[in-house]
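Trainee: I have just opened this model and would like to get to know it. Could we go through it together, one question at a time?

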Amino acid sequence: MRHVARLARLSLTDEEVHLFTGQLGAVLEHAQDVEALDTAGVPPTAHPLGLSNVLRDDEPTASLDREEVLRAAPRAEAGRFRVPPIVGDPA
Amino acid sequence: MNTAVELSELVRAKEISARAVVEESIAAIEERDGELHAFLHVDAEGARARADELDRLLAKGEELGPLAGVPIALKDNMCTRGVPTTCASRILEGWLPPYNATVVDRLLDAGAIVVGKTNLDEFAMGSSTENSAWGPTRNPHDTSRVPGGSSGGSSAAVASGMVPVALGSDTGGSIRQPAALCGVVGVKPTYGAVSRYGLIAFASSLDQIGPLTTTVADAALVLEVIGGHDPADSTSLGDPAFELASQLDGDVSDLRIGIVTDLTDGVDQDVESRLREAADALAAGGAKVDEISIPTARLGLSAYYLIAPAEASSNLARYDGTRYGLRVEGADVDEMFVATRSAGFGAEVKRRIMLGTYALSAGYYDAYYGQAQRARTLMIREFAAAYEQFDVLLCPTAPTTAFELGAKTADPLAMYMSDVCTIPSDLTGDPAMSVPFGSGADGLPVGVQVLAPARGEPMMFRVAAALEAAAPGAVRP
Amino acid sequence: MSWEIVMGLEVHAELNTKTKLFCGCPNMFGDEPNTNVCPVCLGLPGSLPVLNRHAVELAMRIGVALGCDVRPSIFHRKNYFYPDMPKDYQVSQYDEPINVGGSLQVGDGVVGIERAHMEEDTGKTTHVGGTGRIHGADHALVDYNRAGVPLVEIVSAPDIRSPEQAKAYVEELRAVLVATGASDGRMEEGSLRVDANVSVRRPGEEFGTRCEIKNLNSLRSLVRATTYEAKRQIALVEEGGMVTQQTRHWDEAKGETTTARSKEEAEDYRYFPEPDLVPVVPDDKWLVAIRAAMPPLPAERRAELRAAVPEAPDSAIATVVRQGLDTVVREAMAAGADGRLAINRAANEVAADPDGAIRLSPAAFARVVLMESSGELTSTQAKAVIAEILQSGSDPDSIVRDRGYEAVGADKLEAVVAEILAAHPDEASRLGEDPKLMGFFVGKVMDATNRQANGKDVTALLRKHAAAQLFPSPG
Ligand SMILES: [Mg+2]
Ligand SMILES: [Zn+2]
């Protein structure tokens, strides 16, 4: 539970951990019917309708106004989004 | 309030001004919304200005679209330029989207007037509209009960006559289930029939926008306006919008209609009785009605609660405090992410993010997400086989009528069960709609659900129109 | 006992498109921060990606050029949190990439290509305060102009055996990317970025444990970093230690690789198929069109140039093709210029200034080489004219005129030589007998022409005079 919360960037209280453990356990237990299904040779469905090759032309469209974009930002500086210092590397 | 079809005709004939229509809607909201809390944001000034503009255009002799002067409410997970869009979440509090969802632009092009944004379960995760950061919406038929969810604000707004039309979104039943619980019509179109561009994602491979209305004809009109290919959505079907108005004559003779026993057995007795009466009415209209078992339909709930949270866990990663919405500061960026997300999301959202993260994590992907997507394939195959025998399928929309506020909040699985009848169509991508059909012993509305194969909206509306005509006197809140 | 270095490279190439991978924002380097952004590439709630056809076609060209199997492919989401990633997942191809298998001929050897897949780039983070580096910074600023720029990641097999071979591989790959029009290959602008997986082993033994060195932004860094890293690993093992698998950073200033700050937990990217996109399925017709539109590749172009100018040195031909200068060389030859001279000027003077080279038109180059071939310009003058064209883009004839080079044409030179001989009758009369006087006269002529005269031509004229003294024509 703590590892999953870490992956999701959530900090859970002890109470939440306890509550979620039981609740998610119940959902996963219910999901045993799907787990038990014989799906040998069955391809997964990522999309209900089989579209392919949906492409657009390489033509520029209007970008947003930077002032409007940065107005939405909790913090901005020098035309950029400002965040606290970054510790650790991108994956 | 008049229907959208009527209002648009009256406005275009200049028998009533758009401004007067909007005033009536705003007055209804002012009168009832304190109690119901269907709206998160009412844009009265914007709606009035827009109505005046439409009236000016009419005075100049301009032709207006098929929704001329029709007040519409939008579920607050659809982006509206410069108008707050929160998904009923603290994490998006105060955010003003710099763009309109495609459906919003299409409604505006058709002459509609957006009066406000409606309440929902946070990020559309729920079946009761109790998971809203700004408090629950109440059912207009009985304010001690839920309106259903997650489009509960939209269904309550329509059911209470505050607006004739609202849009909702359906991922596991979030249009149809609240439509049933509030006694209105609710449509979940074929996946890809309505653009998702600007719909804030919950589960991308399931989400669809659709109308909530008081009549089948209004639903048809709205779907004609918002449907059709959108190049901004890669999953949008290439087809033009459906032509539905011609399907509403109520003729169901020789249609083959199957009752899905797996989705009907075990529902409340009243609900089952209404379904049987609905089937009898269609048979009386000349349809051939029979029963069919689709066993994998029962697996829908499990598959859904693996797939939807998995996609949601990824879709909701972007709410990290960097670019928009809430930020809770931290000593470093990672602390900021964790603090922001922990403060900004409510319990149900966190629960589903946890579930979905787990279902995708190393070592579990195949057993959970992968397996659920394979189960989905089996469901698609079984439904396709059923549609070789039947033109449309019939089952209840929800297993019960509206339940009391708080009745299921402590037991997520029990809450999830209220979507058991609606989930299969989301997983298969097929269209489905709920039509009000009488009430239970408690006097609360019951909905009957019509299911059709992909792109089968015309046939589905044909059956829905027949059901509407046969339904016992409408239940009025 | 000797050690063998084993390397595989992952090269990220930004594709040469007008717009980003999933939106219509300009794919442009160096613009004001956060001006090329829209709801899609900012990851705003509700936005959806639509794939750029041209990016797909450039990826297909790369696949064809590298001899890959170009296959039906899908995109996945790679989930991890980082502020330069607007959606906190990267849309990338995972287990069903567009290009699989393939190889690249590098010098005498072949480097296998495992895959070349499409993905989106991230934004750019600037660390502010402290030393301006990631550690000890006060805060960070993010610019999303680069977020969503189309990349192809080309993953080699672990077939590379030395830092020099790694460099040659990247040079050849870069030439292929430029030749196909897929990328401009500018490492200094970050449009080509290299990650190197390095391990060491005794020849014949199993592969050792590898370390990945991230983000090498120049060929020099690639060679230095991999040389350093191999030495580090060898020293470690020889001291009885073990190499641990890790990501390392190259510190250009210190000349060493350092371990990247390790995470508290192993990453788990939770890959799953991107539900907002649909599969890309290149059918035969599409592939045939891509193949038909493929420009000639560097290997073919080198062979063509070699056939045209058999006496040119290998290294010069390689440079000319690598820098895409073979077209200008061929045009100069077509205009009548000497092929070997054209190749030398291109490989030395032009190639030395790749930024300036874009200002050099084939016609201008042809003109300069032709003037040099015909003796109108000395080699020093020709080099100077080329240098000025690369600087200013001016027309060669006006440069020659402005510099007064054309004053020393053949007729003029003959007149100057005659004048000087006449001015020094004593020395002139002894020129045939005393070769030391040749230097005296060359110096005088050069002075008289502001050192613009062609030395060879001057000597030739003086020799003619001397020969006339020794062997006076009969009569
Ligand atoms: Mg990559
Ligand atoms: Zn963009």
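Trainee: How many salt bridges does the rule find across the interface of chain B and chain A?
Mentor: Keep in mind that this model is predicted. One example is the pair Glu16(A) and Lys350(B), whose closest N and O atoms are 3.3 Å apart. That falls inside the cut-off, which is within 4 Å. For the interface of chain B and chain A, the rule's count of salt bridges is four.

Trainee: Which helix gives the largest share of the side of chain B that touches chain A?
Mentor: Several helices give two or more residues to that side of chain B, among them H9 (300-315), H11 (347-360) and H12 (366-389). By class, the side has 34 nonpolar, 19 polar and 14 charged residues. The largest share is 13 residues, and it comes from H12(B).

Trainee: What is the area buried between chain B and chain A?
Mentor: The contact involves 67 residues of chain B and 49 residues of chain A. Arg351(B), Met354(B) and Gln371(B) supply 13% of the area that chain B buries there, more than any other three residues. Carbon and sulfur atoms give 70% of the total, which is about 4900 Å².

Trainee: Now to chain C. Which strand gives the most to the side of chain C that touches chain A?
Mentor: Here 61 residues of chain C meet 38 residues of chain A. Elements that each supply at least two residues of the chain C side include helix H1 (53-65) and strand E9 (124-128) of chain C. The strand that gives the most, with five residues, is E10(C).

Trainee: Which residue of E10(C) stands opposite Phe81(A)?
Mentor: Strand E3 (80-83) of chain A and E10(C) run antiparallel and are joined by three bridges. Strands of a sheet pair through backbone hydrogen bonds, either parallel or antiparallel. In this pairing, the residue opposite Phe81(A) is Val142(C).

Trainee: Which are the edge strands of the open sheet in chain B?
Mentor: The sheet has 11 strands with mixed pairing, in the order E1-E3-E2-E4-E6-E5-E10-E11-E9-E7-E8. Each edge strand pairs on one side only, and the two are E1 (39-42) and E8 (288-292) of chain B.

Trainee: Which helix packs on that sheet?
Mentor: Look at E9 (392-396) and E11 (445-451) of chain B, which pair in the antiparallel sense over four bridges. The helix touches both of these strands, as well as E7, E8 and E10 of chain B. Its direction makes about 150° with that of E9(B), and its name is H8 (269-284) of chain B.

How values were computed
Residues are numbered from 1 along each chain as its sequence is written. Chains are lettered from A and ligands numbered from 1 in the order in which they are written. This is a predicted model: local features need pLDDT of at least 70, side-chain atom pairs count only at pLDDT 80 or more; totals for chains, interfaces and linings use all residues. Side-chain values use heavy atoms; hydrogens and water are left out. Two strands pair if DSSP finds at least two bridges between them. Contact means heavy atoms within 4.5 Å. Axes are lines fitted to C-alpha atoms, for helices over the stretch in contact, and angles run from 0 to 180 degrees between N-to-C directions. Buried area is the accessible area (1.4 Å probe) that two parts lose on being put together, summed over both. A salt bridge is a side-chain nitrogen of Lys or Arg within 4 Å of a carboxyl oxygen of Asp or Glu. Ala, Val, Leu, Ile, Met, Phe, Trp, Tyr, Cys and Pro count as nonpolar, Asp, Glu, Lys and Arg as charged, and the others, Gly among them, as polar.
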